Amino acid sequence: MNEDSYLIGSSRHIINVRGFCGLFGPRGITVVTVGETGTGKSVVAVELHCLSARSTHPLVRIPAAELKSELIQGKLAGVVQGAFTSANKDRDGLLVTDWPIDVFLDDIQDLPMDSQGYLLDCLDGKPLRAE
């Protein structure tokens with residue numbers, strides 16, 4: 001067992017998850033973790049982050065249930081000055097920043113369907129700037 005791991009246990013399932021994290025964490029790719037509430041998805045996110053090249057930068061947890069549908073584009077993609085009344089300056093979103101971060105979107109199944117589609121577009125690499 002790796003003593004630096006956040007995943008504690010010696011069952012074959014934990015060993016498999018730890019191996020998965022060791023394989024994909026350093027690669028800087030998008031990982032979707034699924035499971036019931038309380039199964040440790042956030043622990044896996046921390047493990048992946050700690051194994052990534054961005055480990056010295058923030059891991060940002062966004063509880064998707066708290067995102068309002070009309071705010072998700074601005075939160076993820078940013079906003080352009082003048083796009084709406086209170087947009088008084090350009091602002092980068094979490095997925096288009098110039099600084100390296102990892103984003104953990106918790107409970108994405110709680111997002112409205114249109115927001116889930118927008119998130120999928122973001123992950124597919126489509127243009128992200130909210131205008």
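Buried means under 20% relative accessible area. Asp102 has 11% relative accessibility, so Asp102 counts as buried. This is a predicted model, and the values below are computed from it.

Asp102 is found in strand β4. Leaving aside neighbours within four places in sequence, Asp102 is in contact with His49, Ser52, Arg54, Pro58, Leu59 and Val60. Two of these contacts can be described by polar atoms. The side chain of Asp102 makes a polar contact of 3.3 Å with the side chain of Ser52. Another polar contact, of 2.5 Å, joins the side chains of Asp102 and Arg54.

## Overall layout

The protein chain has 131 residues, and 28% of them count as buried. There are 4 helices and 4 strands. From the N terminus on, the order is α-α-β-α-β-β-β-α.

The accessible surface of the chain comes to about 8,700 Å². Carbon and sulfur atoms hold 53% of that surface. Take the contacts with a separation of 6 or more: residues 24 or more positions apart account for 58% of them.

## Two salt bridges

Side chains of opposite charge can pair when their charged atoms come close. How many salt bridges are there in this model? The count comes to 2.

One joins the side chains of Arg54 and Asp102, at 2.5 Å from N to O. Arg54 lies in the loop between α2 and β1 and Asp102 lies in strand β4, so the pair ties together parts that are 48 residues apart in sequence. Both Arg54 and Asp102 are buried.

Arg61 forms a salt bridge with Asp106, and the closest N and O atoms are 2.7 Å apart. This pair also links distant parts of the chain: Arg61 is in strand β1 and Asp106 in strand β4, 45 residues apart. Are the two partners buried or partly exposed? Arg61 has 48% relative accessibility and counts as partly exposed. Asp106 is buried, with a relative accessible area of 12%.

## Helix α2 and Lys41

Helix α2 covers residues 41-50. Its buried residues are Lys41, Val44, Ala45, Glu47, Leu48 and His49. They pack against α1 (12-24), β1 (59-63) and β4. His49 is also one of the residues in contact with Asp102.

Lys41 is found in helix α2. Why does Lys41 count as buried? Its relative accessibility is 15%, and the cut-off for buried is under 20%. Not counting residues up to four places away in sequence, Lys41 touches Thr33, Val34, Gly35, Glu36 and Phe104.

Asp107 is found in the loop between β4 (102-106) and α4 (113-123). Its phi is near 60 degrees, a positive value in a residue other than glycine. Asp107 counts as partly exposed, at 27% relative accessibility.

Asp107 can also be placed relative to Lys41. The two are 66 residues apart in sequence. In space, they are 9.8 Å apart, C-alpha to C-alpha.

## The nonpolar core

In soluble globular proteins, nonpolar side chains tend to be buried together. The largest nonpolar core here has 9 residues in all. Its members are Ile62, Ala64, Leu67, Ile72, Leu76, Leu94, Ile101, Leu111 and Leu119.

Which residues does Leu67 touch, not counting those up to four places away in sequence? They are Ile62, Ile72, Lys75 and Leu111. Ile62, Ile72 and Leu111 also belong to the core.

## The aromatic pair

A pair of aromatic rings is described by the distance of the centres and the angle of the planes. A search of the whole structure finds 1 aromatic pair. The rings of Phe20 and Phe24 have their centres 4.9 Å apart and their planes at 45 degrees, so the pair is tilted.

Phe20 and Phe24 both lie in helix α1. They are 4 residues apart, about one turn of the helix. Phe20 counts as partly exposed, at 32% relative accessibility. Phe24 also counts as partly exposed, at 24%.

Notes:
Residues numbered from 1 in each chain as written. Predicted model: local features only at pLDDT ≥ 70, side-chain atom pairs only at ≥ 80, totals over all residues. Heavy atoms only, no water. Core = buried A, V, L, I, M, F, W, Y, C linked by side-chain atoms within 4.5 Å. Buried < 20%, exposed > 50% of the residue type's maximum accessible area, 1.4 Å probe, protein only. Contact = heavy atoms within 4.5 Å. Helix = DSSP H or I, 4+ residues; strand = E, 2+ residues; numbered from the N terminus. Areas by Shrake-Rupley, 256 points an atom, 1.4 Å probe, with all protein chains shown as cover. Salt bridge = Lys/Arg side-chain N within 4 Å of Asp/Glu carboxyl O. Polar contact = N/O pair within 3.5 Å; in protein donor to acceptor, adjacent residues only side chain to side chain. Phe/Tyr/Trp six-rings, centres within 6.5 Å; stacked < 30°, edge-to-face > 60°.
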